[in-house]
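Morning, everyone. Let me put a structure up and walk through it.

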Amino acid sequence: MCAGKYQSPIDIRPIDTVYNRQLTNFVFYHPQRETAKFIAKNNGHSIQVNTDGQFFLAYGGLQYTYRISQFHFHWGSSREKGSEHTIYKAADPMEMHIVSWNEEKYRSMAEAAMQPDGLAVLGILFRVSDYDNPLLEPLVLVIPYIRDPEWNNSVEIPVVPMNEFLPNCPEKYYRYHGSLTTPRCYESVTWTVFKRRLTISKRQLNVFRQTLTKEVAIHQSPRTNIKTTGGGREPLVDNFRPVQPLNGRVIERSYQILHAV
Ligand SMILES: [Zn+2]
């Protein structure tokens with residue numbers, strides 16, 4: 001599956017993108033916010049926040065209303081890598097993915113994940129700033145309690161309207177059709193990558209870097225039947241997939257470029 005022709009992530013060359021006037025602003029809505037929950041967890045591959053409750057995403061050139069199920073992050077061990085999407089071959093230290101599925105057409109996330117119009121993912125790139133990002137701080141504060149996936153901990157964090165996670169100028173974004181970036185890499189994703197970035201401080205980024213991957217049992221003693229692991233635990237960093245070939249895909253953009261005369 002991961003050898004398909006329309007895979008993600010990709011390198012975006014803004015100069016080669018094509019303006020599409022149908023790529024309008026997104027609309028987010030969340031009825032019954034009082035009963036909704038955000039639950040943060042380390043799944044061994046990422047820090048993921050599951051949205052328990054009704055969070056919807058519409059417009060933005062999407063044909064259907066999509067239901068947001070989770071958001072998660074990809075980050076690097078150093079500043080020059082971490083994001084999945086790159087702009088002119090340059091990576092950013094972090095990328096956030098807001099994952100939603102087509103609830104109008106399909107019955108479950110699992111079913112939608114295999115259909116060409118099943119998923120819509122919003123990608124938000126980060127740059128390092130000298131200042132903490134207050135929006136990320138509730139999550140950063142609980143990471144020490146979920147940093148080891150073997151603890152199997154999950155922690156509730158305050159619910160925030162999803163549109164607050166968008167960068168400045170959220171009307172400016174890139175659009176293409178691609179895939180999930182983890183196996184089985186289904187080509188079911190309408191991708192949006194925002195032009196502008198959010199910020200994260202060096203301190204906050206280092207908290208993400210202190211998380212761990214899952215323990216892998218590599219040796220089982222035939223005599224004692226005791227499983228031992230291969231030395232120290234691996235830090236959970238560089239959890240990004242490398243960019244994939246475009247294979248003729250056209251990347252669209254939502255905004256016009258005004259040329260100076
Ligand atoms: Zn992702």
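I'll take the metal site, then a helix, then a cavity.

This is a predicted model: local features need pLDDT of at least 70, side-chain atom pairs count only at pLDDT 80 or more, and totals for chains, interfaces and linings use all residues. Residues are numbered from 1 along each chain as its sequence is written, and side-chain values use heavy atoms, with hydrogens and water left out.

Zinc first. His72 (NE2), His74 (NE2) and His97 (ND1) coordinate the ion at 2.0 to 2.1 Å. Donors are N, O and S atoms within 2.8 Å of the metal (3.2 Å for Na, K and Ca); water is not among the atoms, so sites may look incomplete. The donor spacing reads H-x1-H-x22-H. His72 in strand S7 (residues 66-75) and His97 in strand S9 (residues 94-102) are 25 residues apart, a pair that links distant parts of the chain. Helices (H or I, at least four residues) and strands (E, at least two) are DSSP runs, numbered from the N terminus.

Are these two histidines buried or exposed? His72 is buried, at 12% relative accessible area. His97 is buried too, at 2%. Buried means under 20%, exposed over 50%, partly exposed in between (1.4 Å probe, protein chains only).

Next, helix H3 (residues 202-209). Its buried residues are Gln204, Leu205, Val207, Phe208 and Arg209. They pack against several elements, including S7, S9 and helix H2 (137-146). Contact here means heavy atoms within 4.5 Å.

Last, the lining of the largest cavity. By class, that lining has 11 nonpolar, no polar and no charged residues. Ala, Val, Leu, Ile, Met, Phe, Trp, Tyr, Cys and Pro count as nonpolar, Asp, Glu, Lys and Arg as charged, and the others, Gly among them, as polar. On a 1 Å grid over the protein atoms alone, a cavity is a set of points where a 1.4 Å probe fits but cannot get out; lining residues have an atom within 4 Å of a point.
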